[in-house]
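Work through the exercises below with the sequence and the model open. Try each task before reading its solution.

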Amino acid sequence: MVLTKVVVFFSLNLVLIAIVHGHPPIFPTPPLVPTPVVSPTPSNGGSCPINPLKITVCSNVLLLLKLRINVPETEQCCPLLRGLADLDAAVCVCTAIKANLLGIINIDIPVDLTLLLNHCNKTYPSSFTC
């Protein structure tokens, strides 16, 4: 009698194990989707088609402009922004400022961004907020 109960117990366990391992889990886990690393960009509709790290060359230009020193003709900031629309240029410089890629500590974002964009013959878009 005891032997029969033990055999039935182990048989049921084997059947249950086979059933559980043969079927997908009752509550499947959702697949892990990696979240992309996104640069901090404003949500005003523009985009920055160039690498924000390249905008670091604008820090020297901005520093010279803030100190009211003539910027040399060989500066490399404006050629980077030349082919961009005003909004895209503003997004690029804003992204670099917010990521502190320019390395300038005391920065007044709207004023300095406007100063740099104006120097590069770009207009700060009135609907844009950095």
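C77 has 0% relative accessibility, so C77 counts as buried (buried is under 20% relative accessible area, exposed over 50%, partly exposed in between, with a 1.4 Å probe and protein chains only). This is a predicted model, in which local features need pLDDT of at least 70, side-chain atom pairs count only at pLDDT 80 or more, and totals for chains, interfaces and linings use all residues. Residues are numbered from 1 along each chain as its sequence is written, and side-chain values use heavy atoms, with hydrogens and water left out.

**Exercise 1.** Find the partner of C77 and describe the link.

*Solution.* 
- Step 1: C77 pairs with C58 in a disulfide, with 1.9 Å between the sulfur atoms. A disulfide is a pair of cysteine sulfur atoms within 2.5 Å.
- Step 2: The S-S torsion is about 90 degrees, so the C58 and C77 disulfide is right-handed.
- Step 3: C58 sits in helix α2 and C77 in helix α3 (residues 77-81), 19 residues apart. Helices are DSSP runs of H or I with at least four residues, strands are runs of E with at least two, and both are numbered from the N terminus.
- Step 4: C58 is at 0% relative accessibility and therefore counts as buried.

**Exercise 2.** Which parts does the disulfide of C48 and C92 tie together?

*Solution.* 
- Step 1: The S to S distance from C48 to C92 is 2.0 Å.
- Step 2: The angle about the S-S bond is 110 degrees, and this link of C48 and C92 is right-handed.
- Step 3: C48 lies in the loop between α1 (2-22) and α2 (58-66), and C92 in helix α4 (residues 86-98), so the pair ties together parts 44 residues apart in sequence.
- Step 4: C92 counts as buried, at 0% relative accessibility.

**Exercise 3.** Describe the disulfide of C94 and C130.

*Solution.* 
- Step 1: The sulfur atoms of C94 and C130 are 2.0 Å apart.
- Step 2: The link of C94 and C130 is right-handed, with 95 degrees about the S-S bond.
- Step 3: C94 is in helix α4 and C130 in the segment after α5 (109-119), 36 residues apart.
- Step 4: C94 has 0% relative accessibility, so C94 is buried.

**Exercise 4.** How many disulfides are there, and what is the pairing of the bonded cysteines in sequence order?

*Solution.* 
- Step 1: The count is four disulfides.
- Step 2: Number the bonded cysteines of the protein chain in sequence order; the pairing reads 1-5, 2-3, 4-7, 6-8.

**Exercise 5.** Is L63 buried or partly exposed?

*Solution.* 
- Step 1: Locate L63 in helix α2.
- Step 2: Its relative accessibility is 43%, so L63 counts as partly exposed.
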